[in-house]
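Visitor: I have a new model open and would like a guided look at it. Could you take me through it step by step?

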Amino acid sequence: MPEVIAITNQKGGVGKTTSATNIAASLAIHHNKKVIAFDLDQQGNLSKGLGVEIVKGHTVLEALLRITDHTPYPYQENFHIIPADNTFSTFALNIAHSQFEDLVSEVGKENLLKDYIKNNCAEYDYVILDCPPAMDDVTINAMVAANKVLVPLQAHSFSLQGLQTVLSMMTRIVKRLNTDLDLGGVFFVQHQERKIISRDTADKVKDVAQGKVFTTYIRTSVSLAESSDESVCLDVFTYDKQLEQKSNGATDYQNLTNEFLGKQFQESIYQRKESSSNGADKKELDQEPTEIAIADTELADKFDRFLKTKKP
Ligand SMILES: Nc1ncnc2c1ncn2[C@@H]1O[C@H](COP(=O)(O)OP(=O)(O)O)[C@@H](O)[C@H]1O
Ligand SMILES: [Mg+2]
């Protein structure tokens, strides 16, 4: 089955869609992985940003409610899309109320996306979920379907609050609905190293995040905004290729994706070690750093609670 990655933050405009688009593109283009991205936001920004021509009735809404069999949009050979448009705004209403009652009862509504992926996405290596800016039924569906959550953060107190909300929600989901869910990591977007607030916020999160912060920062890059403009509609790598350039945005998302894959590889070794651990290995594992410096108690507490639910 594919690795399912949800990209989420409760706050809008923090780079979720840009990250979903370009992480998916990097996996497909640089790592030759077969990728499908789900646009889970009624604003349809991922779909619009990659120029998806939406056929009425063939969006993520109908996919989840099993109304039509539909073929994902082939943006590139290895990168397919299940698009969204504003009809997705009725999703929450539809599943809670009567229109589709015989198709979907309220019981189990959080499993719709997971079931769809299980039944339709076996051919893919990665499923990327671009979440809406809310901890609603759609994001719950994403967290139930996902193995990993990635959280883009801007150096701003609002986005830290967004991170706290994501962690609280994840803690509840792990306890009740999806024990496989894990935090893939937190990464900084639109990072401006020279700005004190950027540096301070990054340091604060690093202090409490117990190794869950990516070392790659996504810098502010005009190519990221240009590539998804309606006059272009491309991922940043394909855009750069057309212009025969290598932008900071492309460099950073390529590095971030490499770092993510590196972390996954390390984790798989760690898990193999743990399952076959003899005394010597166990001792080595016990020496993994567990101490954290508490810089922001509330955020630290949220990390702590989430990570505790993940400990066997
Ligand atoms: N690193 C970046 N540099 C410059 N512009 C960016 C960057 N990341 C995102 N943007 C722009 O910021 C806006 C919001 O980003 P988006 O990914 O749509 O956020 P979200 O999905 O969280 O609402 C978009 O116009 C996008 O092009
Ligand atoms: Mg978005």
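Guide: Gladly! One cut-off first: a residue counts as buried if 20 or more other C-beta atoms lie within 10 Å of its own, as exposed if 12 or fewer do, and as partly exposed in between. Please keep in mind that this is a predicted model.

Visitor: Is Gln 190 buried or exposed?
Guide: Gln 190 sits in the loop between strand S7 (182-188) and helix H8 (196-208). Its phi is positive, about 50°, although Gln 190 is not a glycine. With 20 other C-beta atoms within 10 Å, Gln 190 is therefore buried.

Visitor: And Asn 32, buried or exposed?
Guide: Asn 32 also has a positive phi, about 55°, without being a glycine. Its place is in the loop between H1 and strand S2 (35-39). Asn 32 has 9 C-beta neighbours inside 10 Å, so this residue counts as exposed.

Visitor: How does Leu 261 count on that scale?
Guide: Leu 261 belongs to helix H11 (residues 248-275). Because 16 other C-beta atoms lie within 10 Å of Leu 261, the residue is partly exposed.

Visitor: What share of the protein chain do buried residues make up?
Guide: The chain holds 13 helices and seven strands. Among its contacts between residues at least 6 apart in sequence, 77% join residues at least 24 apart. Of the 312 residues, the buried share is 44%.

Visitor: Which residues have the most contacts inside the largest nonpolar core?
Guide: That core has 83 residues, and H1 gives the largest share, seven residues. Leu 129 touches, among others, Val 4, Ile 5, Phe 38 and Ala 142, leaving aside residues up to four places away in sequence. The residues with the most contacts inside the core are Ile 128 and Leu 129.

Visitor: Ala 142 brings me to H6. How many of the nine residues of H6 are buried?
Guide: The buried residues of H6 are Val 138, Thr 139, Asn 141, Ala 142, Met 143, Val 144 and Ala 145. H6 is largely enclosed by the rest of the structure because the number of its residues that are buried is seven.

Visitor: How are H5 and H6 oriented to each other?
Guide: Two packed helices are described by the angle between their axes and the distance between the axes. For helix H5 (residues 112-120) and helix H6 (residues 137-145), the angle is about 45° and the axes are 7 Å apart. The two helices are therefore oblique.

Visitor: How do the residues of that contact divide into nonpolar, polar and charged?
Guide: H5 brings Leu 112, Leu 113, Lys 114 and Ile 117, while H6 brings Asn 141, Ala 142, Val 144 and Ala 145. The contact of H5 with H6 divides into six nonpolar, one polar and one charged.

Visitor: Let us finish with ligand 1. Which element gives the largest share of the shell around it?
Guide: Of the 18 residues around ligand 1, those that come nearest are Gly 15, Lys 16, Thr 17, Thr 18 and Ala 225. The shell divides into six nonpolar, eleven polar and one charged. Helix H1 (16-29) and helix H9 (222-227) are the elements that give two or more residues. The largest share, three residues, comes from H1.

Methods:
Residues numbered from 1 in each chain as written. Chains lettered and ligands numbered in written order. Predicted model: local features only at pLDDT ≥ 70, side-chain atom pairs only at ≥ 80, totals over all residues. Axes fitted to C-alpha atoms, helices over the stretch in contact; angles between N-to-C directions. Helix = DSSP H or I, 4+ residues; strand = E, 2+ residues; numbered from the N terminus. Parallel < 35°, antiparallel > 145°, perpendicular 65-115°, else oblique. Contact = placed C-beta atoms within 7 Å. Nonpolar A, V, L, I, M, F, W, Y, C, P; charged D, E, K, R; others polar. Near = placed C-beta within 6 Å. Core = buried A, V, L, I, M, F, W, Y, C linked by C-beta atoms within 7 Å.
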